[in-house]
Amino acid sequence: MASFSFGSGNAAKLMRIPLYAVGGICARLVPRGHRWVFGCGAGIGDGALALWQLAQAEGHDAVWLTSSARERTDAAALGIRTISKSSLRGWWATARAGVLVVTHGLGDVNRYAVAGGIVVQLWHGIPLKRIGLDSPATTQVPNVPGAGLLRRVVGLLYRRTAQRIRMLPAASDRSRGRLESAFALGDARVVVTGEPRVDVLSAGTDEERRQTASALLIEATGSIPEGARILLYAPTWRDGADDVAVPTAAEWVRIIALLEAQNAVLFVRSHPLGAGAYQPPLPSRRVRMLGSDLVADVTPALPGIDALITDYSSLAYDVGLLRMPVLYLAPDAEEYARTRGFYGRYEDVAGSDAAKDWAALLAQLELLLTDDGVFTARSERSSTLSAQMHAYRDGHNSRRVYQAIRARGIPAPKGAR
């Protein structure tokens, strides 16, 4: 079963309206200070971690708001101070903070204490599928009497919540247009700085990035066969529905046979909010799970990957920074376009040869692993796509975001000149 859907999430938000109202009034009565609070819906990572590291280095009083023991443990390993976001201390920390940094939504910090704060919404990827107000999925509610009215209320709440965002970094002008539309924000709030989350894909040398990423993969899943090609399969979230591309037992047999024949390892990264039993029926070290329980943020692991397989994930835009070839497996592309929608045409991203099933995908994968010309062509196509969506690839996106925040009147840390 899927762990989350817009319908269930929106039902919970409607039930919490009184708490939002009371919390918002109380938060406006509390004077805000110089502290920065950080939160991330995916754990300790993503763009929030990159910006936290810079804010900390600049001398700001910064604290991370956590929601689980796993997050507290991961934060402690990095020397990050934490407070439970759902506690009274978490409310107070959010209410007193001058800057609130989130990656998914206001619930990344204490959602009842954001009123009056400077909210920096980093988001978590360049939109390929429609998001926010651009997608009908965003305002889904349970199928109950009065559902139409509830959808309108949810839409109004979403628009009002989005207006709390003071700054939203964009990877490029093209991405900025999508974010402005999705969050109903003007261009003064959506700024092209590049995304902090992908700085890790540009910092250092190719070899340094590869070694660091490989060490992360080995630590999470164990040793990798000598000379093996590393593949990542990362399907996106289907708004609470099961993933239609989960391989059958017979398909798993063919997948593993190809991996054995080509000395390859397939890492499977199902979406943290999605559904799908991806464990093959036969044990094989050629197929390994790489869920968020093992690696909270997959981006630092990408330089250790040789090829990506996905459907509609924004990773397709990111891996081009590494000139990584991408194969697309999208059995439900037409249905997904109808129910969720894409920015532009899916074919403009995936090309005209996106696979409809595992048989077609495996044929493409075999060519990719055996024909250097095919590998090069796919790599160049990926790099070209990425160049259209990422304006910067210098590893300094976090610095540009930080400077844009400071330009909004945020004072320098105490003791800084």
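**Questions on the fold**

Modeller: We may begin at a loop: N263 lies between α9 (249-261) and β9 (264-268). Please bear in mind that this is a predicted model.

Biologist: In what order do the five strands of the open sheet stand?

Modeller: β9 pairs with β10 in the parallel sense over three bridges, and F267 stands opposite R288 in β10. β9 also pairs in parallel with β8, over five bridges. Four bridges then join β8 (residues 229-234) to β11 (residues 307-310), again in parallel. The complete order is β10-β9-β8-β11-β12.

Biologist: Which strands stand at the edges of this sheet?

Modeller: An edge strand here has a single partner, so one of its sides is left without a neighbour in the sheet. The strands in this position are β10 (287-289) and β12 (326-328).

Biologist: Which residue of β11 is the bridge partner of Y233?

Modeller: β8 is mostly covered, with five of its six residues buried. Towards β9, I230 stands opposite V265, and L231 has L266 as its bridge partner. Towards β11, L232 stands opposite L308. For Y233, the bridge partner in β11 is I309.

Biologist: Turning to the loop between β5 (118-121) and α6 (147-162), what is the relative accessible area of W123?

Modeller: W123 is placed in that loop. Its phi is positive, about 60 degrees, although W123 is not a glycine. The limit for burial is under 20% relative accessible area. W123 is buried, at 12%.

Biologist: What distance separates the C-alpha atoms of H104 and W123?

Modeller: H104 is in the loop between β4 and β5, and at 28% relative accessibility it counts as partly exposed. Leaving aside neighbours within four places in sequence, H104 is in contact with C40, G41, A42, Q121, W123 and H124. H104 and W123 are 19 residues apart along the chain, and their C-alpha atoms are separated by 5.5 Å.

Biologist: Which elements are included in what covers the buried residues of α5?

Modeller: Helix α5 spans residues 88-96, and its buried residues include G90, W91, A93, T94 and A95. The cover over these buried residues includes a helix and several strands. Named in order, they are α2 (17-28), β1 (36-38), β2 (62-66), β3 (82-84) and β4 (99-102).

Biologist: How are α13 and α14 oriented relative to each other: roughly parallel or roughly perpendicular?

Modeller: Q364, L367, L368 and T370 in α13 meet D372, V374, F375 and R378 in α14. The axes of α13 (residues 358-370) and α14 (residues 372-389) come within 5 Å and cross at roughly 105 degrees. Angles of 65 to 115 degrees count as roughly perpendicular. The two helices are therefore roughly perpendicular.

Biologist: For the whole protein, what radius of gyration does the model have?

Modeller: The protein contains 15 helices and 12 strands, and its C-alpha atoms fill a box of roughly 65 × 60 × 40 Å along the principal axes. Buried residues make up 51% of the 417 residues. Of the contacts with a separation of 6 or more, 70% come from residues 24 or more positions apart. A compact globule with 417 residues would have a radius of gyration near 22 Å, and the value for the protein agrees, at 22 Å.

Notes:
Residues numbered from 1 in each chain as written. Predicted model: local features only at pLDDT ≥ 70, side-chain atom pairs only at ≥ 80, totals over all residues. Heavy atoms only, no water. Pairing = 2+ DSSP bridges. Rg over C-alpha atoms; globule rule 2.2 N^0.38 Å. Buried < 20%, exposed > 50% of the residue type's maximum accessible area, 1.4 Å probe, protein only. Contact = heavy atoms within 4.5 Å. Axes fitted to C-alpha atoms, helices over the stretch in contact; angles between N-to-C directions. Parallel < 35°, antiparallel > 145°, perpendicular 65-115°, else oblique.
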